[in-house]
Structures are given as structure tokens and as C-alpha cells.
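User: I'd like to learn how to read strands and their surroundings in a model. Can you walk me through one?
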Amino acid sequence: MEAGLEAAPRLQASCSSWGTNSASKTLPIMSAESVEIDDALYSRQRYVLGDTAMQKMAKAHVFLSGVGGLGVEIAKNLVLAGIKALTIHDTGRCHTWDLGTNFFLCEDDVVNGRNRAEAVLHRIAELNPYVHVTSSSLPFNETTDLSFLNKYQCVVLTEMKLSLQKKINNFCRSHCPPIKFISADVHGVWSRLFCDFGDEFEVSDTTGEEPKEIFISNITQANPGIVTCLENRPHKLETGQFLTFREINGMTGLNGCIQQITVESPFSFSIGDTTELEPYLHGGIAVQVKTPKTFCFEPLERQIKHPKCLVADFSKPEVSLQIHTAMLALDQFQENYSHKPNTGYQQDTEELLRLATSISETLDDKPEVDADIVRWLAWTAQGFLPPLAAAVGGVASQEVLKAVTGKFSPLCQWLYLEAADIVESLGKPECEEFLPRGDRYDALRACIGDTLCQKLQNLNIFLVGCGAIGCEMLKNLALLGVGTSKDKGMVTVTDPDLIEKSNLNRQFLFRPHHIQKPKSYTAADATLNINPQLKIDAHLNKVCPATEAIYNDEFYTKQDIIITALDNVEARRYVDSRCVANLRPLLDSGTMGTKGHTEVIVPHLTESYNSHRDPPEEEIPFCTLKSFPAAIEHTIQWARDKFESSFSHKPSLFNKIQSGQSLEGCFQVIKLLNRRPRNWPQCVELARLKFEKYFSHKALQLLHCFPVDTRLKDGSLFWQSPKRPPSPLKFDLNEPLHLSFLQSAAKLYAAVYSVPFVEKDLTVAALMNILSKVKIQEFKPSNKVVQTDETARKPDHAPVSSEDERNAAFLLEKAIASHEATRSDLQMAVLSFEKDDDSNGHIDFITAASNLRARMYNIEPADRFKTKRIAGKIIPAIATSTAAVSGLVTLEMIKITGGFPFEAYKNCFLNLAIPIIVFTETSEVRKTEIRNGISFTIWDRWTIHGKEDFTLSDFINAVKEKYGIEPTMVVQGVKMLYVPVMPGHAKRLKLTMHKLVKPSTEKKYVDLTVSFAPDTDGDEDLPGPPVRYFFSPDTKR
């Protein structure tokens, strides 16, 4: 059976083993006959991994031992990803403890003492019907015959003693080819991950980034030749990378050549000897060539003594080796005493410290033993921190996918992630705090203590968004017991979206029968299966200015922490502004493919999300889109704009005028009315005329304005890189691309004009018959001016003279009055672009139109898959990075709950493809000095209480009296209430605040911005903090 391959379901799955007496289980799984990847399910992940890796993954068998909190995280991520088969192995029985670590176990499993692997089998398997999931509960020890592992491409071990890990690692390495080996563990607030993929592991693509394309402006005839790229376009290449060249004029010998480069500057690089080549004239594109890379791994036994670690926190580069030593001591402790150190038991702590000191001497680097790390490991080793497992599970799962696909750079070879900040900030806690109470939170309690557990249970959390990160966050909150206290605590989650099939690949709380149901309601129900004690309130609202009556100040002040799980910057900025206004902590995170980030925002300690702004996305210049495309992204955006204009904007304009909402655009409406198709042949004719206009006449017009030999004032050619002269296309129904455009455009015109058609109308014969009667006008050049200025913006609408507009309005009224235009004629269907519905023809039209334009300009075309990503602005996504990011965010949530100091908080950036994980300190809040020791931060808000007859002058005096400084300017949003130099503003001082700000009746206050006179004349005014003005003296907020 191939994961992610379309086929009919069949019933057959088993509880597998490597011995006899395996119990049979039946689960629906999918057959392996088809080779089609289920794009509706996997589209977002395909953009991360690519089809080659997806196909390899669909043939991979993985063995996973240990289905505790970490094992179940890895299993979830692998099944969502779509490997072929997964065997989960565990010999343990379910205990109450497990309910706080394993989100697929329930109380019934504990009551019946079920085997952990068998208990979760069905729940893991139903995540993806394409994956064959089996379980085993047979003993696995030093005497086990390991030959059963021969059928697996990757073996993952959790909760297994080190001596057995070494034996299995040696067996995996002896196999040909080597079975990829991964081991991972979480002990309290400490974790480790180890990878060994054999002596020679070839990676086809180390980064997963799109190959860079660089437009060339010059190449020198020298040894080495220096290549310069177009001005203001840095190449972003690295020394040692390989490039190939095309479309070079003059130095044509380079076209098709592959050259290794050396970076000279951000805008130039050197290649080989170009002295024997013809002189460079103009043009040319350098394209990055992806080259395979071989990684060499060492066995576990060798790596224990000489570990290669990925450093996650560069402020403490030595910590990985110190944790490595401490964890080896823990392994030895368990081998010696068959249990972990007991919490707060001094004798066990001292023994672990002794073992660590002894082990350190056996390691190549003989690292210094950190007594604090050893003590806290001894203190918390009995416990288990679920969000740390989520983070490690995400990283480990990505390593499994690398192992079976050869896509992305593997971890070489150890990773130590820890949450030591949590325990270090607890000071010197009482041992009693950490001891078990016999409930589902014992594993958590052993890590963070009972007091912090209770604080988590009392939390009010507002989770904004219930997509991939939102689902993972709800799982983490449920395992931690957030919002489960009898008297306090609540998780409020809101998301307006319905579940789509493509969500099921990452949003693990959803199943196929949930499609088209609300995300928030469905996720809330599923979360109660993880922890029935959770109190959760699900909403279907957007969080935006329109819903401020629901999510008002009172609502925000009741929340302890706000968590965003959003997919766009503007929504984040809005939520952040509400958090700052109401002094609420905010946790933000996001992913794009294998990349992810987390940011923690704490009142009075850190900057806010809005304190920093990413540079705006580079817009494609209007003239490039309209006349001078140079890359496939330009033609796709042009096609997307054509779709919006023809099938959404114009129909919408048409309907507005018909309903009397607007008279603007009558000229356009008359044009649309005159050419309105009334039957299918007329829809085909309209599509054919559009082909001629877009792909023939437009090219001829451009060449009429700028013939191929046109030169600029400086004598250089007009048509040189990146400008490409177009070549008009001659329509040919036998050309698949031409046929696709005609069919998709005609279908969309039929949709907007409500014209019926049947499937046979789309056949070549039927279309040919219609086209034989269509007359195509010969091209006649016009005097239109072609915009060449790259800074010019797109005009709001094509200029139409007022006389033409009046005539059009007259003709429209006349057509309606004389019944030439019926009511149905004056109505058009507005199409909303929908990328994920393959039956609507939207992506078909954009793909065909874009690739025809690309052909016209001699640009490399894009397939439908790539076109859909760019046109639909799809964010690539995969469950592994989502799980990792949500785990890291939840760790920060625990710190906020505990009221930890500034130094404890960490932001994170990760890219699991490379892989890198970088923790950084949060940005400390900046103080703005006004003068005379008066200062403020973004978290400060001055307050003034007024009354009904309170004037602007009273307000200014009240600020001066209360805060010791007199405002010289008062602003409300974008409205200037008082600027002394503005005419008439002095008179406003006598006006009441009510009259100036005009509050709505339910509004109790208004937020104003004030500024102060500069110290020196001519300087800018000094900014002040927000001032909240209350209309009544008795208002508390």
C-alpha cells in the first residue's frame, strides 16, 4: 500500500510481531495500485517535500518502539505525513500517569489495563487511511532476534535502555543498505535526539529552497570571469554553489555550462576562465543547480564518546555536551538500579553526580560536569513535560522523513533540547511539591511542581485560530490541564473557517467526516476526548474591529494569556494592539514549510509584535505585469489579475449599477452588455477573441511601439535583460495549451453569464464547429502609450471621458426602458477565486493563460501545481514543524503562568530542513525619555477622568497636573484634535471633549495620543504615551 495514493479502501490490517501469537486487528486501509498522490489531502505538504520525496515516503516502512508521550507524537506526525506503513511497539500497560502524556489514551484504557500500543492503534490509524498501522506488544530485549527489522527502512526507539540501543544501532548499520536509526527520549525537562543514517547517506536537496535565478548585467573576459547581476538585485548565493547559464548574448559559450562560483560581493561572483569566449553583449540568466551531498555518520557507540551536537542556544554552546554527560549518567543509573533517581532524594542525586564525573573522564573532550544540570535532571527525571515532547517529536519525525526520502539535511548527530529555565526559576522548591498524587498530572507535577500545575488549571486562555497550530495548542493545553479547575479557568477558541480536506494532513483533531464542519466546534469536541475535565468555549468569529463588541476590553482583561494561531500578519498586528491596550501577554507563532518561529510578548518586560515590522513584500511593478514580464511569477500574477477583472470585478460592478448602488462604470457596463453571450457558441467565441487579444494583438501592439531593434538614448538596446520581446501566438486548436485556455475561459464566461452547456460542448469537434463561424479581426495598431516606468502604479481604472460616461448612462437607461436589456441581462454571477476546488476551472484558466503568456515571452512555463501555489498564495505546510513550534510556545506559556523574570523567556527560529534551531532572548521593552526624568514604554498608559463639561483645555491642564508635563498636540487615531499651528485649532480649547471626539453612547472612554514641545526649537515634538480619557469620573477602566 502506498501512502497518499488514490485507490479504493480495503479492509486488512494486523497487529504485527516478529514472533507468533499476534492478535488480529481490522482497520480500513487503502490499496497500493494507483500512483496518483492525493493532492486534495497532501497539497500543502507536496509544496514542502516535492513529489519525488512523497513517492519515496509512500514506500517507506518505519518501526517505532515506545508509545509514551514522545512516541505517540512521532507516530502522529509520521502517519499524517503519509509513509507507507508504521509498526508501533510497546510492552507497557496504560496507567493514570499516561493520561497526562499520551493524547490518544482515555480513562477506559487505564481501567482495563490495555497495552499502550494496542490502545492507541485505531486512533493513530484513523489519522490517515493511506497508512498501514500495525502494533506489537511482544518483549524486546537483548535476546530478541533482530532480523525482523530487515523489512524496515527506519527504526525509531524511545524509552529504551542505552545498551539495547547500541545493539540495535549496530544491527541497523550491518544491513545493506543501512537501516536508518533514530533514538529519542524525554526525561523531565531534558530531552535528547540521536540520528545515524550510515557511513554514506546521500541527500538530493539539502535545503528545499527554490533554485535561485539571477539576471545578469555584465560578464568580464578574464580569468576568472566576474559576473555582475542587475543593480539593486543581490544574488544571495554562497561560494561553492553551482550555476548554469542561459539566454546570454555575445558570450554564448556559457549557455548550458555549469560553473562553480566564488562570491565576490552581494552583486557579483566569479566563475572559470572566460578569456577565450566571445565578448559579453547583453542579457542572460544564471540558474542555481542543486547538487547531491553525502553525509557521513558514526555509530552510536563512537558518538557517545565523541558527540557532534547541534547547538540551539549560542549563548550557552557548552551546555549540549554537559547535558550529554548528565544523560549518559542517567542511563548508567538506570542500568545499575533499574529505576530513575527519586525526586528530592539526596542520595540518588549524589550518585548521579558521581556517575557523571566518572563518565566525563571517558569522553574524548572530558567536559566539565555542571552540577546544577545533574541535580535538576535527578530532581525531574521521574517526570515528563508534554510540550517538550511535542517539540522533540516534531524534530524527530522530520528526521524520519529525511531518512526515508533523502530530502533535506539530516541532524548530525545529537540534539539536546531542554526547558531548564522553568525549573531554575522555581528557586529552591519543596520536595513535596513534586511528588505524585495519583492523578493524570503526576508526570507534569514531577517537572514543575503542584503550585504551578494549579496555576495552569486556573488559567483563562484565548486561542485565536484553530488550524494546524491551533489544534496542536489545544492538545498541549489539554495535557497540561489548562482551564480544568472547578472554580476558575477556561479556554476560549475562535475560528470562522470550515474544515477542508487539505486540513486533514496537519490539523490532527479533524477526520474526513468532519469536512465542511466548523473548525472551532469540532476541535473543542475532540479536545474533550483528550481531557474531559477541560472547560472550553468555541466561537465562530473573526477577531477584528468588527467584533470588538464581543472581544471588548472586559473580555481581554478576563484572559490571562492570548495565543495566536493565525496565518497572516495583519490579524496578528490587530490582536497584538488589543493585548497592548489591555496589558495582556501574547504568544505568537507561525510556520512556512519546515521553517517556524515563536515570539513571547509580556507586559512591561518585552517589546510587542508591532514594535518591529518586516520589510513589505516586494510588489511586481505595474509595467512589468502589463508589458514586460521576465519570470513565470509575473505571468501567473497577470493571469490571476485577468481572472479577477473578468469574472469578479466587472460582474460586481455590473450588478451594482443595475441595482442603482452606483452609476460609476456605466461605460464598462455598456461594453459588457453589448458583448453579452446568450448561448454556449457565443461564450466560445468570446474566449477565442480574448485569446487573439491577449496573445497576438497585445504582442503586435508592443512590437509596434518598440520594434526589436529599438535603442535607448544611450545607444543600448531597449529589448535587453530583463525585458523580453514578445512573439505573437497563432491560435491552433490542436495545441493542448490553446485548447485548455479556450475551454476554461468559455466555461467561466458561461458561469458568469448563466449560460448552460454540457460536457460534449467541450469536445474538440464541437469547438471546431463553433470556431469555423468566428471572424477574427486583423490587428490594427493603436496610439496607446505603453508604460515603461517601473515606479508607476496601476491606475484605479481606465480613464473614460465624462462625455463617454454620460453617453453610456443614456444608452443604458434607453436599453432598460425599451426592454432591449431584460432583468436577467442586467445580472451577472460574481465568481470568487477558489484554489482548492478542481472542478470550478479557476486554476485551469490561470494555468493556461499564464503559460500562453510565458510562451509569448519565451519564459519557462510552470505546471498546474506550481501555478496553484503562486496564484493561490498557498503557504507550504507540514505537521512536523507545526508540532515543534506549538510545543515551544507552550513552554513559554508555562513561564508566563509562573510569572518568571525577563531572562527566562526565549523566542525561537527553526528550520527543520537544514536543520537549525536558534533560541534568542526576547527584545527588552524600550523606555522613551520625554524630559525631567519622565519616561514611558509601550505598556504605559496615562489616564484622565473627565466629566460632561470637560473641555480640551481642561484635558491638557489635567495631563500637566497629573504627569508634570504639558501636551502641545492631541491626536485621536488619524484625526488631529489639537495642533497649535493649525488654523482655528486655538478655538477648540474651549470645546468640550464630548463634542470633539463624538463618542458612541456605549463608549466609556477614548484613547488619545499626545506629544510635547521639543527641548530645542526646530526639533520634532516629543512623543508621549497613549492617554485614555474617561468621559465620567467614576469609570474604573
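User: Why is strand 8 (residues 190-196) described as largely enclosed by the rest of the structure?

Analyst: First, a word on the source: this is a predicted model, where local features need pLDDT of at least 70, side-chain atom pairs count only at pLDDT 80 or more, and totals for chains, interfaces and linings use all residues. Residues are numbered from 1 along each chain as its sequence is written, and side-chain values use heavy atoms, leaving out hydrogens and water. Buried means under 20% relative accessible area, exposed over 50%, partly exposed in between (1.4 Å probe, protein chains only). Strands (E, at least two residues) and helices (H or I, at least four) are DSSP runs, numbered from the N terminus. Seven of the seven residues of strand 8 are buried, so the strand is largely enclosed.

User: Which residues of strand 8 lie on each side?

Analyst: In a regular strand, side chains alternate between the two faces of the sheet. Here Trp190, Arg192, Phe194 and Asp196 take one side, Ser191, Leu193 and Cys195 the other, and all are buried.

User: How many bridges join strand 8 to strand 7 (residues 180-187)?

Analyst: Strands pair if DSSP finds at least two bridges between them. Seven join these two, running antiparallel; for instance, Val186 has Ser191 as its bridge partner.

User: What about strand 19 (residues 414-415)?

Analyst: Two bridges join strand 19 to strand 8, again antiparallel, and Leu193 stands opposite Leu415.
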